[in-house]
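Thanks for coming. I have one model to go through today, and I will keep to a few local features.

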Amino acid sequence: MATLILVRHGRSTANTSGVLAGRTPGIALDERGAAQAAALPGRLADVPLAAAVTSPLQRCRETLRPLLDARADLPLHVEDRISECDYGDWSGRKLAELNDEPLMEVVQGHPSAAAFPGGESMRAMQDRAVEAVRDWNARVEAEHGEDATYLMCSHGDIVKAIVADALGLHLDLFQRIHVDPCSVTAIRYTRLRPFLLRLGDTGDFAGFTPREHPGGSGTAEVGGGAGAP
């Protein structure tokens, strides 16, 4: 089956302001995010892509714009099922405030039981995203052959949920996965099992530098975090 290149969108204004953006409209890439997007065509220059699929949200579309400009013949498809998690009433709130919510402990330790007030459950988020990947795998293979590679641009929690599925991990373990803004994750799907080829690859090791974590070193950043400074 097809090989999937998963790209998390570049760093956004919400990432740097510590806000859980969710599906809030008008969230754009910040200056660093725009630079990350501009570098993406060079990073993927040797990868033949049959198609690009994107979340409908602005920050994902902006991330792919330089790649589409560089590859005028690359078709772009919008896929609602890989949109950001619907965080409901949590959307647009400061992460520092949300850390005090009792639900945050469930989101961290038992995400398969977490449902956001006025939004969706994390289990539903994973189900729709994985279903989208399976459908696109079949479509790309049917149109371009089993060796085809295609790209999806989505969001931190979506990418982590897809990776967890590919690795056979229960959703309750997906907070152990981390993907920085504009990182590249690659999964090769086969008839019997997926193979994780790359995970959160940015080519940047600044993220390994010790730095203060507001929620404690064992806490995953809901929405994905801002990446290296």
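I will take the cysteines, then a helix, then a loop residue.

First, the conventions. This is a predicted model, in which local features need pLDDT of at least 70, side-chain atom pairs count only at pLDDT 80 or more, and totals for chains, interfaces and linings use all residues. Residues are numbered from 1 along each chain as its sequence is written, and side-chain values use heavy atoms, with hydrogens and water left out.

Now the cysteines. A disulfide is a covalent bond between the sulfur atoms of two cysteines. Here it is assigned to a pair of cysteine sulfur atoms within 2.5 Å, and by this rule the count is zero.

Next, helix H7, residues 156–167. Helices are DSSP runs of H or I with at least four residues, numbered from the N terminus. Val159 is in this helix and is buried at 1% relative accessibility. Setting aside neighbours within four places in sequence, Val159 contacts Leu6, Arg8, Val179 and Thr185; contact means heavy atoms within 4.5 Å. Its C-alpha atom is 8.6 Å from that of Ala129, 30 residues away along the chain.

Leu167 belongs to helix H7 too, but is partly exposed, at 45%. Together with Leu196 and Leu199, Leu167 makes a nonpolar surface patch of about 230 Å². For such a patch, residues need over 30% relative accessible area and no salt bridge, and nonpolar side chains (Val, Leu, Ile, Met, Phe, Trp, Tyr) are joined within 5 Å. A salt bridge is a side-chain nitrogen of Lys or Arg within 4 Å of a carboxyl oxygen of Asp or Glu. Areas are from Shrake-Rupley with a 1.4 Å probe.

Last, the loop between helix H1 (13–17) and helix H2 (31–43), where Asp30 sits. Is Asp30 buried or exposed? Asp30 is buried, with a relative accessible area of 12%. Its side chain makes a polar contact with the side chain of Arg11 at 2.7 Å, and also reaches the backbone nitrogen of Gly33 at 2.7 Å. A polar contact is a pair of N or O atoms within 3.5 Å; within protein, one must be able to donate a hydrogen and the other to accept it, and residues adjacent in sequence count only if both atoms are side-chain atoms.

Notes:
Patch = residues over 30% accessible without salt bridge, like charges linked within 9 Å, V, L, I, M, F, W, Y side chains within 5 Å. Helix = DSSP H or I, 4+ residues; strand = E, 2+ residues; numbered from the N terminus. Buried < 20%, exposed > 50% of the residue type's maximum accessible area, 1.4 Å probe, protein only.
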